[in-house]
Amino acid sequence: MKKFTTIIITFLIFNFCFSQNKFGNPEVDPIQIQKNFSDWSAYQNKNIMLSRDFVALDSSFKEISKEAFLNELTEGNLIPIRLKSDDSIYYYKLFQIQPSSDSSIKATINQIAFDALKNYKMEGTPFPKFSFTDLNGNSVSNESMKGKIIVIKCWYIHCTPCIREFPQVNKLVEEYKDRKDILFISLAEDSAEQLKLFLARKPLSYSVIPDMKVYMNEALQLNSFPTHFILNKEGLIAKVLPNFESLEVALTKESKL
């Protein structure tokens, strides 16, 4: 009986807290979604894009900066959940990870948040100096691309997620083909010979730069692939993104500025 009473009290407190906030309720049950890793992973992959613009709320519904939100995720026992909303703005709120939750959930959140925080801190900074030659012999540099929006895909041949999104990014290039102020280039770790053989079977509509492993490791300090950059017309990094879904959203916004 005592256990049942405790559950009822917890439920009432939980619902009272939500009734007092000016934001929406969670789109999923924050406790139920933590029951197993596969359920949480499926939800996170589809509904939580930490690279996008969103209103960040702490565990008390207090609005905080995106940087503070990501810091909390890297350091604490917290999980991000999207709140229901009638507008186009995303609201993410922090919830406590339950003691009984799969330990893989916390470890994965910490890593995803660490990468998102590192990427977020790159926004507004100049893209490192470069002067490359693509597979077709065309020169590409910071200077030659001034005044244009640049979309950069970083990848390598044996990266399965990188290759899986080829049809999607190719479609994106097609959608923006009439925008002469938007360029698509890709940096690949592999040699020109390897890339020519591979791309003959799996075409990529981007301009492809070979032998970029050292540059991506040292200048860009990348540790996960694919990674997408959007550079604004001033040559500054507007967004650093981990997948096509977040790239599509960010490019739509940047292309309208």
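**Exercise 1. Find which residues of α6 meet which residues of α9, and describe how the two helices pack.**

Start with the contact itself: Q168, V169 and L172 in α6 meet F244, E245, L247, E248 and L251 in α9, where contact means heavy atoms within 4.5 Å. Helices (H or I, at least four residues) and strands (E, at least two) are DSSP runs, numbered from the N terminus.

Next, sort these residues. The contact of α6 with α9 divides into five nonpolar, one polar and two charged residues. Here Ala, Val, Leu, Ile, Met, Phe, Trp, Tyr, Cys and Pro count as nonpolar, Asp, Glu, Lys and Arg as charged, and the others, Gly among them, as polar.

A word on the model before we go on: it is predicted, so local features need pLDDT of at least 70 and side-chain atom pairs count only at pLDDT 80 or more, while totals for chains, interfaces and linings use all residues. Residues are numbered from 1 along each chain as its sequence is written, and side-chain values use heavy atoms, with hydrogens and water left out.

Now the geometry. Helix α6 (residues 166-175) and helix α9 (residues 244-255) pack at an angle of about 15 degrees, with their axes 10 Å apart. Axes are lines fitted to C-alpha atoms, for helices over the stretch in contact, and angles run from 0 to 180 degrees between N-to-C directions. That makes α6 roughly parallel to α9 (angles under 35 degrees count as roughly parallel).

**Exercise 2. Work out the strand order of the open sheet and find its edges.**

First, read the order: four strands form the open sheet as β2-β1-β4-β3, with mixed pairing. Two strands pair if DSSP finds at least two bridges between them.

Then look at the ends. β2 (63-64) and β3 (78-82) each have a single partner strand, so one side of each is left without a neighbour in the sheet.

Finally, zoom in on one pair: β1 (residues 55-57) runs antiparallel to β2, joined by two bridges. In this pair, A56 stands opposite I64.

Notes
Angles under 35 degrees count as roughly parallel, over 145 as roughly antiparallel, 65 to 115 as roughly perpendicular and the rest as oblique.
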